[in-house]
Every structure is written in C-alpha cells, then in structure tokens.
Amino acid sequence: MKTNARLLWVLTVFFAFITVVYVAWSLLDTSHGRVEWAGTFMLGLTTVLMAFVAFYLGRVHAAQGGELPEDRLDGNIDDGDPEMGFFSPWSWWPIFLAASAALLFLGLAVGIWICFIGLGLGLIALTGWVYEYYRGLFAR
C-alpha cells in the first residue's frame, strides 16, 4: 500500500505538470490565444483526485501498523486469511431486498407509483433479514 501511495504522489506531480503545460500550450496557440477552461479544469481536478487518493492511502498505511501480508512479496495466500464475518447460508431475504431495490429504480425510470411498491417490499425484506434469527427454525 505504501508503494501505491508513492506512485499516486508521482502521478499527482505528473498531472500538475501536465496542467501547467496544457495552460501554457493553449496560451501560445495562435488560433485561440486564451486558456481553454474545460481541459484545464479536467486536468486540475485529476491532480486533486490523485492527491486525495494518495493522501488517503498514505494515512491508511500509517494506521494499519505495518505491512499487510498481501503487500509483502514473500507473503502466502493463507497469511492474509481474515474472518470476513457471518453470512446466512440459506437466506432468501437478500434476493428479495435486491428485487425491491430493482423495483425502486424501475419506478424512477418508468413511473413513480412503482417506487412505492418497491419501498414497501424493501421494508418487509429488510425487516425479515434483520429478524431472521429471532424466529422460526434458526431462533437463538
């Protein structure tokens, strides 16, 4: 991750340099003689984006307390095998929740009345998913 942050800082400097070159080139162009704002803003915002991502990756690397197993060249796949969490093995509620989200977005595209159906089904599916282990065969 440290290598990625360093690479993105290099890209930040590169895009800043290219922005300056682009502005100078557009000023020296004989047909225009003025700054071309669309490209200048695009390159400037790309510079800012690279700086944000490089700063974030640098902070994450500093906060994790050293190299992760997947960052080492001699690391094995089993070295970075964390617990990912608990997932319900036979749960149908995520499928119903995804279908209700699809209805919600379909309602935005076709007719707003479909959104209300998707919202109602989504609330039912979310409640069913949250309380899945409090009733029935899997109650604890």
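This is a predicted model: local features need pLDDT of at least 70, side-chain atom pairs count only at pLDDT 80 or more; totals for chains, interfaces and linings use all residues.
Visitor: Why is Ala 125 called buried?

Guide: Buried means under 20% relative accessible area, exposed over 50%, and partly exposed in between, with a 1.4 Å probe and protein chains only. Ala 125 has 2% relative accessibility, so Ala 125 counts as buried. The residue sits in helix 4; helices are DSSP runs of H or I with at least four residues, numbered from the N terminus.

Visitor: What is Ala 125 in contact with, leaving aside neighbours within four places in sequence?

Guide: Trp 93, Phe 96 and Leu 97. Contact means heavy atoms within 4.5 Å. Val 20, by comparison, is 105 residues from Ala 125 in sequence and 53 Å away in space, C-alpha to C-alpha.

Visitor: How do you know that the span of helix 4 is close to the expected one?

Guide: The expected span is 1.5 Å times one less than the number of residues. Helix 4 (residues 112-130) has 19 residues and reaches 27 Å from its first C-alpha to its last, close to the 27 Å expected.

Visitor: Which residues of helix 4 are buried, and what puts them on the same side?

Guide: Ile 114, Cys 115, Gly 118, Gly 122, Ala 125 and Gly 128 are buried. They cover an arc of only 150° around the axis, so they lie on the same side of helix 4; the arc is that of the directions from the helix axis to the C-beta atoms. These buried residues pack against helix 3 (93-109). The face turned away from the buried side carries the exposed residues Trp 113, Phe 116, Leu 123 and Ile 124.

Visitor: Why does Ser 100 count as buried, and what does its side chain reach?

Guide: Ser 100, in helix 3, has 5% relative accessibility and therefore counts as buried. Its side chain reaches the backbone oxygen of Leu 97 at 2.7 Å. Leaving aside neighbours within four places in sequence, Ser 100 is in contact with Gly 118, Leu 121 and Gly 122.

Visitor: What makes the pair of Phe 14 and Phe 15 edge-to-face?

Guide: Rings of Phe, Tyr and Trp (its six-membered ring) pair if their centres lie within 6.5 Å; planes under 30 degrees apart count as stacked, over 60 as edge-to-face and the rest as tilted. A search of the whole structure finds 3 aromatic pairs. In the pair of Phe 14 and Phe 15, the centres are 5.4 Å apart and the planes stand at 65°, which makes the pair edge-to-face. Phe 14 has a relative accessible area of 42%, so Phe 14 is partly exposed.

Visitor: Which residues make up the largest nonpolar core?

Guide: Ala 5, Leu 8, Met 50, Ala 54 and Leu 57. A nonpolar core is a set of buried Ala, Val, Leu, Ile, Met, Phe, Trp, Tyr and Cys residues joined through side-chain atoms within 4.5 Å. Helix 1 (2-28) and helix 2 (37-63) each supply at least two residues of this core, and the largest share, 3 residues, comes from helix 2.

Technical notes: Residues are numbered from 1 along each chain as its sequence is written. Side-chain values use heavy atoms; hydrogens and water are left out. A polar contact is a pair of N or O atoms within 3.5 Å; within protein, one must be able to donate a hydrogen and the other to accept it, and residues adjacent in sequence count only if both atoms are side-chain atoms.
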